[in-house]
Amino acid sequence: LKGRIAEEQGRHEDAVWAATKIVGAATEPGDLVRAHALLANAQDALGRPERAEESHKALIQLEPKNAWARGNYGSFLIGQDRCEEAIASAKAALALMDYGVGRSTLKSAYRCRARELRLKNNAAGAAKYERLAEAVDVR
């Protein structure tokens with residue numbers, strides 16, 4: 001609870017400290033899941049993508065059928081400009097559960113890939129991913 005409050009108040013270092021303490025002492029899988037979710041967000045906010053990714057991966061390992069964990073990882077990957085991995089993660093999330101946020105993540109991942117391809121002067125490839133993005137219904 002202290003970690004979540006700290007995160008909500010923008011005190012990310014305090015959130016990391018609280019969540020790390022929980023990870024070290026947790027005996028219940030649910031506690032580990034919540035702690036890693038908090039760690040992923042706080043570490044990302046602090047500009048520590050490697051540590052944030054470790055927590056995203058730990059979440060997926062703890063709950064492999066958690067669509068939200070995979071979708072959140074996809075969003076993280078978009079922020080890291082790892083567009084193809086983000087597409088795969090979003091698709092994996094949607095394979096587990098069809099939900100609006102997951103579809104929105106997939107749409108953003110397709111647009112991310114289109115941007116990458118435009119930067120490489122690959123207009124045809126970019127257009128393909130823009131069409132894929134437009135076809136995703138986020139409702």
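Tyr 99 is buried, with a relative accessible area of 7%; buried here means under 20% relative accessible area, exposed means over 50%, and partly exposed lies in between, using a 1.4 Å probe and protein chains only. Keep in mind that this is a predicted model, in which local features need pLDDT of at least 70 and side-chain atom pairs count only at pLDDT 80 or more, while totals for chains, interfaces and linings use all residues. Residues are numbered from 1 along each chain as its sequence is written, and side-chain values use heavy atoms, leaving out hydrogens and water.

Let's look at the partner of Tyr 99. By the ring rule (centres of Phe, Tyr or six-membered Trp rings within 6.5 Å; planes under 30 degrees apart are stacked, over 60 edge-to-face, the rest tilted), the count comes to three aromatic pairs. In one of them, Trp 68 and Tyr 99 are tilted, at 4.5 Å centre to centre with 45° between the planes. This pair links distant parts of the chain, since Trp 68 sits in helix H5 and Tyr 99 in the loop between H6 and H7, 31 residues apart. Trp 68 counts as partly exposed because its relative accessibility is 39%. Another pair, Tyr 73 with Phe 76, is stacked: 6.2 Å centre to centre, 15° between the planes. Both of these residues lie in helix H5, three residues apart, about one turn of the helix, and both Tyr 73 and Phe 76 are buried.

Now step back to the whole chain. The protein has eight helices and zero strands, where helices (H or I, at least four residues) and strands (E, at least two) are DSSP runs numbered from the N terminus. Its C-alpha trace spans about 50 × 30 × 25 Å along the principal axes, and 40% of the 139 residues count as buried.

A nonpolar core is a set of buried Ala, Val, Leu, Ile, Met, Phe, Trp, Tyr and Cys residues joined through side-chain atoms within 4.5 Å. The largest one has 27 residues, of which Ile 87, Leu 106, Tyr 110 and Tyr 129 touch the most other members. Helices H4, H5, H6, H7 and H8 each supply at least two residues of this core. A second, separate core of seven residues includes Ala 19, Ala 35, Leu 38 and Leu 39.

Finally, visit Tyr 110. Leaving aside residues up to four places away in sequence, Tyr 110 touches Ile 87, Lys 91, Tyr 129, Leu 132, Ala 133 and Val 136, a contact being heavy atoms within 4.5 Å.
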